[in-house]
Amino acid sequence: REKYVGLQTNMGTVKLGSNRNPNQFLGGVYWDAFVTTNLEARGNGGMSGGAFGHFNYFDNSLSYETPNWGGFSAMLVYGLEDVTTATTTTTADDGDYSIGVQWTGLGGDLQVIAVRNEDKNNSSGAAGDLNIEERNKLGVKYTFLKDYTVLAQFEQIKNDAGTTDADV
């Protein structure tokens, strides 16, 4: 989970440590009505999983979160170091990043998101290969009459060969 040291000012928040991934928290788990149940979207093919999907945090990373500017906000997380131990590898390597933007309008009833992740050394490649994986996500959520919500979220995962691995 999140473990960091940081500085918060009126110009935004900077954190160093284990930071949340914009892909997980913009849309994602906040939009899933069944999160943490057996019906949650990220565990059942409705949202992407994996280290750069809706399950991860970036270890050994630097993040910046903007304040809310007229309904607009952004998050950037950048991996700083490759670390491997006997039992695990970090969720992000040196140069990996995730950036997300969100706009909220109509008194909070409308949200629009866009997120991009890049994993520069994805483990799905052949040994020794630099297998770059890109994840892109777009989403819109609208709440009306205070009790009804309509939302759509599109995710695309591409590998370094330019082929599409999955659309969710």
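Is glutamate 118 buried or exposed? Glutamate 118 has a relative accessible area of 10%, so it is buried (buried means under 20% relative accessible area, exposed over 50%, partly exposed in between, with a 1.4 Å probe and protein chains only). The model is predicted: local features need pLDDT of at least 70, side-chain atom pairs count only at pLDDT 80 or more, and totals for chains, interfaces and linings use all residues. Residues are numbered from 1 along each chain as its sequence is written, and side-chain values use heavy atoms, without hydrogens and water.

Glutamate 118 belongs to strand S6, residues 110–119 (strands are DSSP runs of E with at least two residues, numbered from the N terminus). Its side chain makes a polar contact of 3.3 Å with the side chain of arginine 116 (a pair of N or O atoms within 3.5 Å, one able to donate a hydrogen and the other to accept it; residues adjacent in sequence count only if both atoms are side-chain atoms).

Strand S1, residues 3–9, lies largely in the open, because zero of its seven residues are buried. S1 pairs with strand S2, residues 12–20, in the antiparallel sense over seven bridges (pairing needs at least two DSSP bridges). Two residues separate S1 and S2 in a hairpin. Glutamine 8 has threonine 13 in S2 as its bridge partner.

The whole structure holds four aromatic pairs (rings of Phe, Tyr and Trp, the last by its six-membered ring, with centres within 6.5 Å; planes under 30 degrees apart are stacked, over 60 edge-to-face, the rest tilted). The rings of tyrosine 142 and phenylalanine 144 are stacked, because their centres are 5.9 Å apart and their planes at 15 degrees.

Terms used
Helix = DSSP H or I, 4+ residues; strand = E, 2+ residues; numbered from the N terminus.
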